[in-house]
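Me: I've got a model open and want to talk through the fold. Can you walk me through it?

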Amino acid sequence: MAKPKHILLASHGTEGARAAEKLAYSFCGPGAILHHLIVVPDFWKGMQGDDWLNNASTRDTFGRYLESQLEQEVRAHLKRMLRETEKRHIRYRYEMVQGKPVDCLIRRATKGPTDLIVLGSPRPKGQTGLRSRMLDEKLFRLLHVPVVIAPYPHA
């Protein structure tokens with residue numbers, strides 16, 4: 001396979017995603033562009049704390065707090081990615097979207113140009129945190145681009 005020119009990386013800063021980032025860097029030869037897709041899952045949008053917040057004002061305050069926390073995490077992730085790609089002299093673009101991760105990745109990949117997609121592997125059972133459902137049959141059935149899955153890093 002020739003060196004890809006347009007590499008699509010879906011990552012969000014977890015350990016598995018960072019392994020995918022490192023793998024994506026290795027595919028970036030001269031003239032390649034690393035397009036970084038950050039998906040904020042749509043389930044966050046409806047998280048209002050209704051089960052423990054009992055008035056609209058408090059729910060709105062909590063919603064703004066949650067959005068600011070997510071924004072801070074994304075900004076920190078982007079800052080790290082910008083630093084790493086600059087250090088490696090990689091042409092870097094990013095896009096942040098909100099929705100169902102699989103649907104967002106398929107939509108972005110079909111928008112093109114995309115020669116290769118790099119993803120992290122799912123978090124192993126027993127590890128704390130949200131387990132991604134990115135790698136499902138729908139994804140592989142609808143993509144017409146090679147997909148490389150980075151192995152989960154073992155400590």
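This is a predicted model: local features need pLDDT of at least 70, side-chain atom pairs count only at pLDDT 80 or more; totals for chains, interfaces and linings use all residues.

Me: Ok. Which strands does helix 3 lie across?

Reply: Helix 3 (residues 101–111) lies across strand 1, strand 2, strand 3 and strand 4, and it runs at about 150° to strand 2. Helices (H or I, at least four residues) and strands (E, at least two) are DSSP runs, numbered from the N terminus. The angles run from 0 to 180 degrees between N-to-C directions, with axes as lines fitted to C-alpha atoms, for helices over the stretch in contact.

Me: And what order do the strands have in the sheet?

Reply: The order is 3-2-1-4-5, in an open sheet of 5 strands with parallel pairing. Strand 3 (91–99) and strand 5 (147–150) are at the edges with a single partner strand each, so one side of each has no neighbour in the sheet. On average, neighbouring strands are turned by 20° against each other, direction ignored. Two strands pair if DSSP finds at least two bridges between them.

Me: How many bridges join strand 1 to strand 4?

Reply: There are 3, and the two strands run parallel. Strand 1 and strand 2 pair in the parallel sense too, over 5 bridges. L8 has a bridge partner in each: I117 in strand 4 and H35 in strand 2.

Me: Is strand 2 mostly covered or exposed?

Reply: Mostly covered: 9 of its 9 residues are buried. Buried means under 20% relative accessible area, exposed over 50%, and partly exposed in between (1.4 Å probe, protein chains only). I33, H35, L37, V39 and P41 are on one side, with L34, H36, I38 and V40 on the other.

Me: Switching to helix 1. Where does that lie?

Reply: Helix 1 (residues 15–27) lies across strand 1, strand 2 (33–41), strand 4 and strand 5, at about 150° to strand 4. Its buried residues are G16, A17, A19, A20, E21, A24, Y25 and F27.

Me: What's in the largest nonpolar core?

Reply: That core has 19 residues, and I7, L9, A24, C28, L34, M81 and V118 have the most contacts inside it. Helix 1 gives the most, with 5 residues. A nonpolar core here is a set of buried Ala, Val, Leu, Ile, Met, Phe, Trp, Tyr and Cys residues joined through side-chain atoms within 4.5 Å.

Me: Which residues is L9 in contact with?

Reply: Leaving aside neighbours within four places in sequence, L9 is in contact with A20, E21, A24, L34, H35, H36, L37, M81 and V118.

Me: Last one: where is S121 found?

Reply: S121 is in the loop between strand 4 (116–120) and helix 4 (137–142). S121 counts as buried because its relative accessibility is 18%. Its side chain reaches the backbone oxygen of A150 at 3.2 Å and the backbone nitrogen of Y152 at 2.9 Å.

Me: And Q98, how far is that from V39?

Reply: Q98 and V39 are 5.5 Å apart in space, C-alpha to C-alpha, and 59 residues apart in sequence. Q98 is in strand 3 and is partly exposed, with a relative accessible area of 42%.

Technical notes. Residues are numbered from 1 along each chain as its sequence is written. Side-chain values use heavy atoms; hydrogens and water are left out. A polar contact is a pair of N or O atoms within 3.5 Å; within protein, one must be able to donate a hydrogen and the other to accept it, and residues adjacent in sequence count only if both atoms are side-chain atoms. Contact means heavy atoms within 4.5 Å.
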